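Please open the structure in your viewer and keep the selection panel at hand. The tour below goes from the whole chain to single elements.

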Amino acid sequence: MNKFGCFVLVLFLQVAVAAAGAGFTLVIDAGHGGKDAGALGKYSKEKTINLNVALAFGRYVEQNCPDVKVIYTRKTDVFIPLHERAAIANRNKADVFVSIHTNSVASKKPIAGLETYTMGMRRSDEKLSAAMRENDVILIEKDYKQHYAGFDPRSPESYIIFEMINDANMLESVELAKSIQKNVCRTARRPDKGVKQDAFLVLRETSMPACLVELGYITTPAEEAYLNDKKNIDALGKGIYQAFVEYKAKRTGGKAPSPTPSKKESVEPAQEKTDTTAQKPDTTQKETSPEPKKDVSSEAPVFKVQLLASDHQLKSGDRQLKGLKDVDFYKEGKIWKYTVGASTDYQQIRTLRKEVAEKFPQAFIIAFKNGEKMDTQAAIQEYKNNKK
């Protein structure tokens with residue numbers, strides 16, 4: 001083989017190796033930054049906690065996953081607009097987007113725990129506090145009305161548009177969120193506050209499976225101390241890493257690499273024992289509880305569990321229904337809404353909601369009377385009055 005042939009062969013091998021190394025792209029988004037401090041604790045700022053954990057997560061990926069290209073929306077204390085964070089992921093055709101945040105509450109009551117969110121709409125009678133707080137950052141962006149089509153993060157009416165969104169990545173986003181919630185709570189000894197949905201702008205703008213992690217509550221003194229401890233920062237980053245490789249392995253069919261576990265990880269934390277015990281009744285109910293009987297009585301409210309909403313009618317057996325049987329639907333305006341169960345016994349439907357929450361964490365209870373949808377809280381009160 002001549003010198004030119006050798007050169008071409010070497011060049012080909014280099015290109016092949018480079019292509020193999022760029023097979024999976026992860027974008028890590030450290031929330032807030034620069035002039036946007038995020039939530040404030042007594043002595044620390046959300047933007048700093050977010051960045052510390054994001055970098056810890058990224059280091060684990062970079063050290064253990066040579067086939068993954070890691071992109072950060074920021075690696076220093078700089079301000080990045082929400083629309084640009086999503087644009088970074090979209091431009092790089094990312095396979096996964098993980099946004100890291102820290103929670104806060106105005107109440108003085110101490111609250112602790114980790115929550116993981118996917119894009120979606122919460123119950124209409126619940127405050128959109130988490131999303132509204134995170135979305136509020138757009139008000140300090142220049143020309144935000146142009147970038148977000150007139151969206152007002154403080155207006156409940158603006159959030160109605162989120163229910164119209166039919167996210168093709170929703171199923172995989174929920175799967176990723178569940179993995180993060182499970183792994184981080186176990187590895188970093190976090191109280192488990194569950195996987196939820198909310199109307200986050202940064203998630204709406206992304207075109208790949210995406211989720212947002214709320215690490216804990218900076219407004220709770222014990223939580224603030226936990227979130228600023230170096231060992232805990234490392235544990236949080238490792239937990240998110242473990243979830244990422246678990247998710248990636250399922251998508252690519254590969255094996256999930258993991259760093260050598262420390263001695264601390266082999267000790268089952270007391271908080272996790274409490275959480276696991278609290279969850280056991282739900283698993284038992286899923287195996288043994290009977291299907292709620294349908295009740296067409298017009299004398300009392302009929303409760304149902306709403307699973308999802310779509311801008312078009314789903315076919316029977318559609319993958320979005322995740323194998324659930326006896327799924328019903330109703331239509332409000334141009335939106336098709338899918339439900340399961342129907343009973344005048346609120347407690348039965350409440351149990352059913354817990355059962356389907358494993359597949360549909362966003363599921364919530366609705367009520368009808370005489371075939372017309374009614375306020376759920378009023379229906380619950382009527383149910384209680386009828387039982388007296």
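A contact here means heavy atoms within 4.5 Å. Among contacts in the protein between residues at least 6 apart in sequence, 78% join residues at least 24 apart. Before selecting anything, note that this is a predicted model, in which local features need pLDDT of at least 70 and side-chain atom pairs count only at pLDDT 80 or more, while totals for chains, interfaces and linings use all residues. Residues are numbered from 1 along each chain as its sequence is written, and side-chain values use heavy atoms, with hydrogens and water left out.

Of its 388 residues, 46% count as buried, that is, under 20% relative accessible area with a 1.4 Å probe and protein chains only.

Next, select the open sheet, in which 6 strands follow the order β2-β1-β3-β6-β4-β5 with mixed pairing; two strands pair if DSSP finds at least two bridges between them. At its edges are β2 (68-72) and β5 (192-198), each of which pairs on one side only. From one strand to the next, the twist averages 20 degrees. Within this sheet, β4 (residues 114-119) and β6 (residues 210-217) pair in the antiparallel sense over 3 bridges, and Glu 115 stands opposite Glu 214 in β6.

Move on to helix α9 (residues 230-252). At its start, a side-chain oxygen of Asp 229 reaches to within 2.9 Å of the backbone nitrogen of Lys 231. After α9 comes Gly 253, with a positive phi near 80 degrees.

Finally, select β9 (residues 335-343), where 9 of 9 residues are buried. β7 (residues 302-310) pairs with β9 in the antiparallel sense over 6 bridges, with Ser 310 opposite Trp 336. β8 (residues 327-332) and β9 also pair in the antiparallel sense, over 6 bridges, and Tyr 330 has Lys 337 as its bridge partner in β9. Zoom in on the hairpin that β8 and β9 form with 2 residues between them, where Gly 333 in the turn has a positive phi of about 65 degrees.

Notes: Buried < 20%, exposed > 50% of the residue type's maximum accessible area, 1.4 Å probe, protein only. Helix = DSSP H or I, 4+ residues; strand = E, 2+ residues; numbered from the N terminus. Axes fitted to C-alpha atoms, helices over the stretch in contact; angles between N-to-C directions. Polar contact = N/O pair within 3.5 Å; in protein donor to acceptor, adjacent residues only side chain to side chain.
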